[in-house]
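This briefing covers the folds of the chains, their helices and sheets, and the contacts between them. The sequence and structure come first.

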Amino acid sequence: MLDTLLFLIADGVTNGAVYGLLALSLIVIYTVTRVVNIAQGEYVTLGALSFASALSGTFSVLSAIVAGGLAAFALKDIADRHLTGAMRIRIVLSRALWIFIVLATAWLANLLPGSYWLAVLASLVAIASLGALIYRLTVEPVSGASPIVLLIVSVGVYMVLHGTAVLIWGAEPRSVPPVVEGGVQLGPVFVTYQSLWICGASLVAMIALYLFSERTLTGQALQATAVNRTGAQLCGIPVGVAGQLSFAIGAGFSALSGLLLAPLITANYDMGLPIGLKGFVAAALGGIVEYPTALVGVLLVGLTESFSAYQVSAYRDVVVYLMVIPILLWRNAVRPPETHGN
Amino acid sequence: MSSPSKVQGSWRTPNVASIAVAVGLIVVASAIAIFAPQYNVTLLVTVGLSAVAAMGLTLLLIAGQVSLGQAAFMAVGAYVSAILARDHGFPAIFALLAGVAASAVCGVIVGGITLRLKGHFLPLATLAMGMACSAAIVAAGPVTGGASGFGQIPPLSIGGFELVDDRAFAIVVWSIVAVAAGGFSRLLNTRTGRAIAALKTDIEMAEVFGVNATRLRLLVFVVAATLAGLSGGLFAFYFKFISPAPFGLTSSINLLIACIFGGMSHPFGAVLGASAVTALEMLLQNTVARMLGLSGNVEMIVFGVVLIGVLLRWPGGIWSALHRAWPVFSTSRPARNIELTPSKRGVDGEDLLSVSGIGKKFGGLTALRDVSFSVGADQIVGLIGPNGAGKSTTFNIATGLTEPSEGSVLLMGAPPPSRASDLVHRGVSRTFQHVRIVLERTVLENVAFGAYAQGRSGMIAGMFGLDQAEEAATFAKAWRALEIVELDGLAHEPASRLAMGQARLVEVARALISRPRLLLLDEPAAGLRTGEKLKLVTLLHRLKRAGMSVLLVEHDMDLVMNCVDRVVVLDRGRGLMTGHPDEVRRDERVIAAYLGT
Amino acid sequence: MPDLCISGLNVGYGRATVIESLDLDVKSGELVTVLGANGAGKSTLLNGIMGLRPPRAGSVTLDGVDLAGLRPEQLVARGVVLVPERRELFGSLPVEVNLRLGGYRTGAPAKSLERIYGLFPILAERRRQKAATLSGGEQQMLAVGRALMAEPRLLMLDEPSIGLAPLIVQEILRVIGQLKSEGLTIILVEQNARLALSVADRGYVLEVGRIVLEGSSAELSADPRLSQAYLGGAADYAAARDQVYVD
């Protein structure tokens with residue numbers, strides 16, 4: 001009995017770590033840009049699939065697409081008539097470096113197939129950049145719109161990314177090797193190294209995000225944009241760049257969760273949406289704005305999932321999805337969301 | 001006074017329009033059903049079924065609610081009908097009715113729980129509900145056939161007549177589409193339809209005119225769920241095979257896309273949207289995908305791109321671009337002349353509003369303390385003071401919107417009602433500091449909405465034209481109210497085209513038509529030009545002479561001084577003085593409060 | 001040192017035009033006040049200059065450089081800084097972080113921070129406190145301090161005295177006076193006319209989006225039309241009223 005309990009807890013915590021990355025992604029994006037990002041799960045899918053490609057030494061088409069998109073926006077930025085010469089040179093150099101990193105990591109992963117860390121790097125860079133691109137394409141043009149319009153736009157993004165994943169990688173699932181095979185006996189429970197790696201990597205990522213937002217001026221600027229967009233603009237913080245950064249962080253975190261999870265469930269085009277929704281359930285506990293509450297939510301969702309899988313296995317997902325409704329009701333009663341933007 | 005510019009003819013225009021929509025749809029659909037090849041008949045049924053569900057969702061969107069889980073109600077309709085008919089021997093028609101009823105019940109339950117959610121919480125909740133529903137169908141394999149579904153559903157039969165012919169089925173489906181489209185099209189131009197549109201603009205404003213927002217929102221949600229259930233039930237009986245796939249997230253999203261394509265503002269748009277989505281789907285499947293040798297996912301990408309593109313171009317939906325070209329269905333000026341006299345509510349000789357010693361604390365801060373004043377019959381009272389003096393707080397306490405921390409308020413001799421929707425029944429009406437009118441509707445319709453509390457006709461009456469006498473009376477009053485504020489020349493203009501001053505006057509007319517004894521005006525002159533202010537002063541005195549009392553919150557001191565019988569001056573949350581305008585004007589403290597010391 | 005030149009400016013919200021063909025000049029080193037009753041369009045004017053509410057027509061130039069169409073952050077980079085009426089602080093962040101963010105463009109050097117703490121010693125004491133926990137007066141000082149961190153060439157203040165106790169208002173005025181003596185160009189929007197005219201070189205009076213009066217502080221203080229602009233009195237309301245009772 002105790003064994004089962006401990007096993008379920010270990011399982012729940014591992015799942016919780018994955019959903020935690022998702023919940024943080026959703027919160028970063030929502031607080032900075034007011035986008036309730038339905039498409040969040042697709043970055044999980046794309047992260048897992050491009051990781052699988054990179055690991056097997058296939059040059060990812062996605063990296064090429066992302067590089068092309070970045071180049072197009074770089075041209076648009078350089079054309080801004082308000083720029084001085086020095087500013088223009090700085091933009092050219094920074095964008096060139098960005099595009100170079102996207103292509104170089106993808107190319108290196110292609111050259112050295114099987115290199116775990118290179119594959120991680122290449123897919124994270126590509127997906128984070130994709131996030132920034134999606135912001136510029138679909139959010140920046142309507143950044144003043146109501147949260148409902150932004151939400152429906154993100155539904156459109158979900159469809160495009162979902163379809164693109166199938167177009168590039170097909171419907172066949174891909175198995176991905178874990179970081180290290182095997183596992184370790186912790187007391188009565190056997191835990192795979194991959195599970196430990198998932199928990200450890202998630203924890204490190206979360207701490208890194210925390211340090212970034214608390215200790216650096218850029219991180220504080222991101223927080224400032226979340227707290228008060230007008231105030232941030234008046235401080236000279238470029239809120240468009242903050243939006244891109246939040247989308248890059250969100251996409252990168254989700255991609256990380258995808259490539260961590262892939263060895264446990266195989267990478268496939270359909271894996272993202274349910275994970276994204278469970279991230280929502282957790283984030284909703286904190287109204288999609290509070291990080292600490294969301295982390296409680298993450299454990300709640302992870303544990304509910306593993307325990308209901310044990311108790312009413314077939315209805316596991318039903319239970320987890322329905323959890324969101326009492327959570328939203330509670331949150332709505334405590335602190336309802338603003339209905340008219342900021 | 002100028003005559004109405006655009007619309008002539010009888011006041012039945014909305015009836016004609018809705019009947020035209022219904023007849024047009026059924027004629028075109030029948031023609032296709034009878035003469036088109038078999039394959040196209042199946043398409044016709046598919047379009048019709050999604051149009052039925054999309055119309056419900058459009059109504060929901062018009063009321064300002066978004067559902068991302070509408071396909072779940074289709075699933076309930078489909079599975080309940082199919083299981084009852086196949087496994088429990090129900091006659092098909094009763095099984096269908098039971099399925100529809102089941103979706104309606106689910107609508108009541110889900111709506112009752114989720115409609116209190118604000119902002120983006122509602123779409124999130126419906127999304128989760130839809131996903132849970134799909135997962136539940138798969139999980140309940142023994143009953144539902146799980147992920148692979150089940151077939152052998154008996155055909156739909158009505159009184160011994162089996163509806164096995166596809167073409168006949170198509171005509172049945174499109175008859176339903178036609179009745180619903182015609183009915184909703186008329187509904188939108190009636191009492192309940194105006195209230196639904198007001199809900200989207202501003203729930204608080206709708207309640208001030210007597211709309212029970214909770215109930216009406218639930219009603220709309222249930223109607224949408226019922227239509228989705230009907231669509232699902234018919235789906236089951238047409239294809240005779242069901243599985244979870246057609247009722248998943250993709251279907252919910254496709255319905256939403258159909259509504260957005262169609263403009264989110266008119267049931268006929270939902271029909272067009274559903275047709276456009278299906279047509280685009282066919283086009284992509286038959287040409288692009290086949291030519292390029294790509295799988296069905298191209299279609300998903302294209303839909304996504306189109307959805308994003310439409311929203312980026314027109315964040316208010318295609319409708320915001322089209323609605324200038326759409327004909328105005330409204331009513332022309334009646335021949336007879338009626339007077340809008342204030343109702344004689346309240347006790348004679350007593351004050352209509354009496355505020356004594358009220359105070360308000362927010363957290364630790366005292367926003368207001370010890371303010372007293374009263375408004376008697378046939379009186380205009382001004383409430384003035386510099387920014388942050390506590391005027392809005394006083395105003396909100398007087399109308400029961402805010403509970404005072406101390407002191408008491410008597411409105412028509414009783415404490416203010418706890419529900420805003422009861423205010424109008426007390427003979428009290430108001431305007432808003434920030435104009436709250438329904439921008440998509442005409443000036444006349446905005447004013448007509450003000451008479452909501454005096455009407456009785458509901459949704460069914462509105463759909464099928466059983467409210468004609470009431471509507472005629474409402475519009476006669478609306479015209480009169482517009483004449484009073486001298487805006488009758490703009491009656492058929494969309495409210496979105498009004499200048500600030502005109503919009504404020506529309507609010508006054510809307511308040512007048514509810515025949516208040518006491519009218520509360522919240523900064524009616526803000527943003528008005530001098531000429532408009534002069535008109536406003538004239539208007540206020542005409543109202544007073546007609547027996548109305550007015551509480552006027554206003555910044556323009558001179559305007560107030562020339563309107564009112566008594567002035568209440570607030571400064572930093574306290575009553576500075578109350579008196580005749582001439583006394584106040586000379587008072588050093590008042591001048592100091594305004595100009596600074 | 002900057003010369004601000006505004007001509008033919010139109011700013012509006014939705015269907016309403018709030019500021020209509022407005023001309024206004026501020027010379028380098030000047031403190032100019034913009035006065036007017038509520039709803040006259042004073043805040044809209046500042047929001048229009050700042051790019052928060054992009055102007056529909058007209059031009060704004062600073063030292064001959066066109067500022068039209070720039071986003072707020074680009075204006076900050078060019079030395080135009082606004083202290084908004086609602087202060088727009090980052091309530092959940094500490095005082096010092098608020099100040100550092102004010103210097104986002106310049107990297108928030110410690111020297112600038114020390115200067116602000118010198119101007120407002122109370123902020124140094126509260127540096128670790130969240131901005132939302134400050135009193136109204138302290139929040140206003142923080143808003144001014146945060147704006148100064150951006151090292152402005154033109155500082156615009158929107159009703160800094162609003163809702164504050166007289167003593168605090170004096171404190172803020174003292175700082176405004178000090179900044180002026182250091183040569184900073186300032187636009188001060190105020191409802192409290194006497195207060196503003198006591199520190200300003202010149203003033204403009206707005207009425208429903210138009211300038212109805214301008215002149216030196218001394219001229220304006222003596223002009224009876226100033227109180228008219230606040231208390232109304234321009235229109236013949238009495239006639240409008242009497243018209244009702246004639247027929």
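In chain B, residues 24 or more positions apart account for 76% of the contacts with a separation of 6 or more; two residues are in contact if their C-beta atoms, placed from the backbone, lie within 7 Å. This is a predicted model, in which local features need pLDDT of at least 70 and side-chain atom pairs count only at pLDDT 80 or more, while totals for chains, interfaces and linings use all residues. Residues are numbered from 1 along each chain as its sequence is written, and chains are lettered from A and ligands numbered from 1 in the order in which they are written.

**Chain B overall**

- Chain B has 23 helices and eleven strands; helices (H or I, at least four residues) and strands (E, at least two) are DSSP runs, numbered from the N terminus.
- Of the 597 residues in chain B, 57% are buried. A residue is buried if 20 or more other C-beta atoms lie within 10 Å of its own, exposed if 12 or fewer, and partly exposed in between, with C-beta atoms placed from the backbone.

**Nonpolar core**

- The largest nonpolar core holds 401 residues, and A:Val324, B:Ala128 and B:Ala509 touch the most other members. Such a core is a set of buried Ala, Val, Leu, Ile, Met, Phe, Trp, Tyr and Cys residues joined through C-beta atoms within 7 Å.
- Helix 10 (residues 213-239) of chain B gives the largest share of this core, 17 residues.
- Apart from its neighbours within four places in sequence, B:Ala509 is in contact with B:Val447, B:Ala481, B:Leu482, B:Ile484, B:Val485 and B:Leu487.

**Helices of chain B**

- The axes of helix 3 (residues 70-87) and helix 5 (residues 121-139) of chain B come within 8 Å and cross at roughly 30°. Axes are lines fitted to C-alpha atoms, for helices over the stretch in contact, and angles run from 0 to 180 degrees between N-to-C directions.
- In this pair, B:Ala71, B:Ala72, B:Ala75 and B:Tyr79 of helix 3 of chain B meet B:Met129, B:Gly130, B:Cys133 and B:Ile137 of helix 5 of chain B.
- The contact of helix 3 with helix 5 of chain B has seven nonpolar, one polar and no charged residues. Ala, Val, Leu, Ile, Met, Phe, Trp, Tyr, Cys and Pro count as nonpolar, Asp, Glu, Lys and Arg as charged, and the others, Gly among them, as polar.
- Helix 15 (residues 391-398) of chain B is mostly covered, with six of its eight residues buried; B:Lys391 and B:Phe395 are among them.
- B:Gly400, which follows helix 15 of chain B, has a positive phi, near 80°.

**Strand 5 of chain B**

- All five residues of strand 5 (residues 380-384) of chain B are buried: B:Ile380, B:Gly382 and B:Ile384 point one way, and B:Val381 and B:Leu383 the other.
- Strand 5 of chain B pairs in the parallel sense with strand 9 (residues 549-553) of chain B over four bridges, and B:Leu383 stands opposite B:Val553. Two strands pair if DSSP finds at least two bridges between them.
- Strand 5 of chain B also runs parallel to strand 10 (residues 566-571) of chain B, joined by four bridges, with B:Gly382 opposite B:Val567.

- Chain A comes to 13 helices and two strands, and 53% of its 342 residues are buried.
- Along its principal axes, the C-alpha trace of chain A spans about 70 × 55 × 35 Å.
- 35 residues of chain B are in contact with 39 residues of chain A.
- Helix 4 (92-114), helix 5, helix 11 (249-261) and helix 13 (297-313) of chain B each supply at least two residues of the side of chain B that touches chain A.
- That side of chain B divides into 27 nonpolar, six polar and two charged residues.

**Chain C**

- An open sheet of six strands in chain C has the order 6-7-8-3-9-10, with mixed pairing; its edge strands are strand 6 (80-83) and strand 10 (210-216) of chain C.
- Strand 3 (residues 31-36) and strand 9 (residues 202-207) of chain C pair in the parallel sense over five bridges, and C:Gly36 stands opposite C:Leu206.
- Helix 7 (residues 166-181) of chain C lies across strand 3, strand 7 and strand 8 of chain C, at about 150° to strand 8.
- The contact between chain C and chain A takes 24 residues from chain C and 16 residues from chain A.
- Helix 2 of chain C gives the most to the side of chain C that touches chain A, with five residues.
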